[in-house]
Amino acid sequence: MIGRIFFGRALRGFADGFIAVVLPAYLLALGLGVLEVGIISTATLLGSAFTTLAVGRWGHRFSIRRLMLGAALLMAATGLGFAGFASFWPLLVVAAVGTLNPSSGDASVFMPLDHSMLATAADRTSVFSRYTFLGSIAGAVGALASGLPEWSGISLRGMFVLYAGVGLAVWLFYLGLPDPKVGEEKPATPLGPSRGIVWRLAGLFSIDAFAGGLVLNSLLALWLFERFGLSLAMAGAFFFWTGLLSAASQLAAGPLARRIGMINTMVFTHIPSSLFLIGAALAPGLELALGLLLARSLLSQMDVPARGAFVMTVVTPAERPAAASFTAVPRSLAAALSPTMTGAMFAAGAMAAPLVACGVLKIAYDLALFAAFRKLRPAS
């Protein structure tokens with residue numbers, strides 16, 4: 001079962017990797033402006049938030065396998081929708097109801113379903129580390145594939161057809177999934193004894209997500225296009241290397257969390273990465289900016305497996321699907337607010353402002369998380 005979850009994550013990571021870079025280039029080629037790119041990015045995250053909320057609120061009544069199969073078909077439909085439409089409003093609707101992911105992580109309805117299945121593993125942090133590692137590696141390869149429109153005859157629209165094909169492949173692969181029980185009994189309500197800690201975590205995670213939404217991969221690619229005139233192929237190569245560095249660092253998250261704790265791993269790796277981002281925003285030239293962004297990628301995602309494992313550890317087994325959803329939904333909603341703000345700042349000529357704001361807010365989140373949970377010792 002875990003192998004199929006890993007493989008499905010890798011396929012989706014590959015698709016997310018190239019779509020995050022291609023999306024702003026495609027929208028600009030259609031004649032949309034930077035503000036419209038930000039609005040559509042917001043819509044994708046709002047759509048993910050509402051579908052994830054539905055999983056958290058009502059998903060415990062249904063088979064996880066059926067939900068995952070439905071999500072895979074929605075992914076295929078999303079790709080076809082973006083390939084078929086060329087004007088702002090239809091694209092906005094597809095973005096709002098689909099699975100498009102303009103970020104570097106798994107910000108979709110798949111995430112809480114995957115986490116619920118992976119939570120049955122004994123060493124959760126290591127399993128979550130391998131899960132995010134495979135997603136990052138696949139995303140890096142996908143980012144490199146975003147250069148296909150410049151290397152071959154594939155059009156930008158054809159990349160969305162490829163995205164739909166990946167969704168269909170994921171659906172076919174998920175047909176072989178078993179249908180495990182997350183707990184012995186389905187709870188009458190999604191959350192029970194762990195409700196308080198879940199909502200506290202959700203509130204803090206939303207600060208981090210709002211900050212991250214200011215610099216989604218799609219928006220960072222847009223920043224590189226507009227600030228330095230980077231080509232699509234060069235941007236794809238850059239995101240390939242950032243993906244590789246992020247993936248490599250995540251392998252260290254498990255051993256590091258066992259040594260210094262999950263919260264310490266999340267905080268002490270996150271703060272330096274935010275400082276690198278602020279430095280990149282203020283860098284006078286392309287080389288220095290790319291160097292600082294590469295240094296950031298070494299640390300910025302190390303908190304992801306520790307965060308997922310931490311949430312799964314501090315709740316009861318029956319609450320895990322709801323906990324994964326209810327910590328993900330505020331993140332998605334908060335992140336959805338910021339891309340439009342970034343687009344507006346770019347349109348106003350404040351190119352460095354979103355990156356600086358992201359770094360400052362993430363540091364504030366890290367300090368608040370450390371203060372609130374440093375003394376909590378979750379069970380192994």
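The exercises below, each with a worked solution, concern a predicted model of one protein chain.

Residues are numbered from 1 along each chain as its sequence is written. Because the model is predicted, local features need pLDDT of at least 70 and side-chain atom pairs count only at pLDDT 80 or more, whereas totals for chains, interfaces and linings use all residues; side-chain values use heavy atoms, with hydrogens and water left out.

**Exercise 1. Overall form**

Task: Describe the secondary structure of the protein chain and state whether its radius of gyration agrees with that of a compact globule.

Solution. 
- Step 1. The chain holds 17 helices and 0 strands; helices (H or I, at least four residues) and strands (E, at least two) are DSSP runs, numbered from the N terminus.
- Step 2. The radius of gyration is taken over C-alpha atoms, and the globule rule is 2.2 Å times the number of residues to the power 0.38.
- Step 3. For 380 residues a compact globule would have a value near 21 Å, and the chain has 19 Å, which agrees.
- Step 4. The C-alpha trace spans about 55 × 40 × 30 Å along its principal axes.

**Exercise 2. Burial and the nonpolar core**

Task: Determine what percentage of the chain is buried, and which residues have the most contacts inside the largest nonpolar core.

Solution. 
- Step 1. Buried means under 20% relative accessible area, exposed over 50%, and partly exposed in between (1.4 Å probe, protein chains only).
- Step 2. Of the 380 residues, 58% count as buried.
- Step 3. A nonpolar core is a set of buried Ala, Val, Leu, Ile, Met, Phe, Trp, Tyr and Cys residues joined through side-chain atoms within 4.5 Å.
- Step 4. The largest such core has 106 residues, and those with the most contacts inside it are Ile40, Phe82, Phe160, Leu201, Trp223 and Leu369. Helix 1 (residues 2-29) supplies the largest share of this core, 11 residues.
- Step 5. Contact means heavy atoms within 4.5 Å. Beyond residues up to four places away in sequence, leucine 369 touches Leu201, Leu204, Phe205, Ile263, Met266, Val267 and Arg374.

**Exercise 3. An enclosed helix**

Task: Explain why helix 15 (residues 303-313) is described as largely enclosed.

Solution. 
- Step 1. The buried residues of helix 15 include Arg307, Phe310 and Met312.
- Step 2. In total, 10 of the 11 residues of helix 15 are buried, so the helix is largely enclosed by the rest of the structure.

**Exercise 4. Two residue pairs**

Task: Find how far phenylalanine 6 is from aspartate 114 in space, and how far threonine 242 is from alanine 350.

Solution. 
- Step 1. Phenylalanine 6 is in helix 1 and is buried at 12% relative accessibility.
- Step 2. Phenylalanine 6 and aspartate 114 are 108 residues apart in sequence and 8.8 Å apart, C-alpha to C-alpha.
- Step 3. Threonine 242 lies in helix 11 (residues 232-251) and is buried at 11%.
- Step 4. Threonine 242 and alanine 350 are also 108 residues apart along the chain, but their C-alpha atoms are separated by 24 Å.
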